[in-house]
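Subject: Structure for you to look at

Hello,

Here is the structure I said I would pass on.

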Amino acid sequence: MSRLLGGLSAAQFLSEYWQQRPLLIEQAWPGAGGWLQAEDLIELAGEEGIEARLILEQGATPWELRHGPFPAALFKKLPASHWTLLVQAVDHYDLQLAELLEELRFLPSWRIDDIMISYAPPYGSVGPHDDRYDVFLLQLHGHRRWQVGPIVDADHPRLPHPRLRLLQNMPVDFEATLAPGDLLYLPPGAAHHGIAEDDCLTLSIGFRAPNLAHLLEHIVDAVLESQPGPVLYSDARRQPSPHPGQLGKSDIDSLRRQVLALLDDKQRWQEVLARTLSEAKYEDYLPQGESYEPEALRAYLQNGGQLLRDPASRFIYTEDEEQHIQAWVNGELRPDADPELFVRIADCRQLRCPAGDGLTTEQLAFLCAWIEEGLLLPGDEEEA
Ligand code: SIN
Ligand code: CO
């Protein structure tokens, strides 16, 4: 049972709400306020390389959008109301948030994009809009008044804005004020508008859905690269043509089938999908680690220490035809991974190996090498 779904089972949620309709769960996570404060978010928004945006409802232009980094001093100069600071991928920096993502283990982790957190003073809002992806909105601090409407299509009238998908009119099915710990799930395309009632911190778990056109491009590229030479159309034993000027239906059908047969290679699909879906959120991301001695690591784990999967990296595993595990990290196949440990880390975000859970010398060497690469992170040593 996921803590995020109130009393619903994952199966019920998936069959009745996921990708279909909004769901409000009061007090889904009563302790949500303990994670992060507005000052923490403002500090993150000031750092180079962190994706931060500021939306000022009454800025230089209506709904002015600015991109970070933003020096902390800027926030002292902003008006007392009507703006929102949004910081993406906070889960990459705040390791405590892994606890929250673990509650979504009923969905494959490749469907999860990141955790965004917003801070807004009273009346702060990003405007009425719809998002392309599913989202769980968890109220951390303060209160936000939400209007939620139906799923709107691409033709719904929009406000002219270069970047934001703002709705010209906001269709409302229901309204609710979310207090800390309350959660709102929205499917892709649902109209929504949230307005801060006081100093307000809202966390969004955003999902991703691959663009099928991009997947097609990747698979076509991979198939073409794998061909040693051109594969030509063949038509042995064809029927005589009654109309030589016509490109006939049976020829169209057989050309289509021969092209699709090129693409119909399960092994290739598996590789292309695992490579593509395991790419890190940020293309230029380079994990950084530090060296760790195998015996020190053994002692650390035996004393209850844990290793966390680097939250900015994506881990996926597949099975080949002989049911061997193939480990993929950040778009690369990693034959050096220990299959058993990799599966545990990819499924659970963390690895605990209490005393008795004997690790071989090879397994320790693998863990140390990945800690050094920054793909595995020892938790706080004092906790061990
Ligand atoms: C917000 O946190 O202010 C907006 C989130 C959303 O509407 O998607
Ligand atoms: Co939204």
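The notes below cover the ligand site and then some of the strands.

This is a predicted model, in which local features need pLDDT of at least 70 and side-chain atom pairs count only at pLDDT 80 or more, while totals for chains, interfaces and linings use all residues. Residues are numbered from 1 along each chain as its sequence is written, chains are lettered from A and ligands numbered from 1 in the order in which they are written, and side-chain values use heavy atoms, without hydrogens and water.

The shell around ligand 1 (residues with a heavy atom within 4 Å of it) includes Ser-118, Val-126, Leu-137, Trp-146 and Thr-202. Asp-131, Arg-144 and His-192 also belong to this shell. By residue class, the shell has three nonpolar, four polar and two charged members (Ala, Val, Leu, Ile, Met, Phe, Trp, Tyr, Cys and Pro count as nonpolar, Asp, Glu, Lys and Arg as charged, the others, Gly among them, as polar).

A side-chain N or O atom of His-192 is 3.2 Å from a ligand 1 oxygen, and for Arg-144 the distance is 3.3 Å. The protein buries 94% of the 260 Å² that ligand 1 exposes when taken alone (Shrake-Rupley accessible area, 1.4 Å probe).

Strands here are DSSP runs of E, at least two residues, numbered from the N terminus, and two strands pair if DSSP finds at least two bridges between them. S2 (residues 52–58) pairs antiparallel with S4 (residues 83–87) over five bridges, with Leu-54 opposite Leu-85. S2 also runs antiparallel to S3 (residues 62–67), again with five bridges, and Leu-56 has Glu-64 as its bridge partner there. A hairpin of three residues links S2 to S3.

Regards

Conventions. Polar contact = N/O pair within 3.5 Å; in protein donor to acceptor, adjacent residues only side chain to side chain. Helix = DSSP H or I, 4+ residues; strand = E, 2+ residues; numbered from the N terminus.
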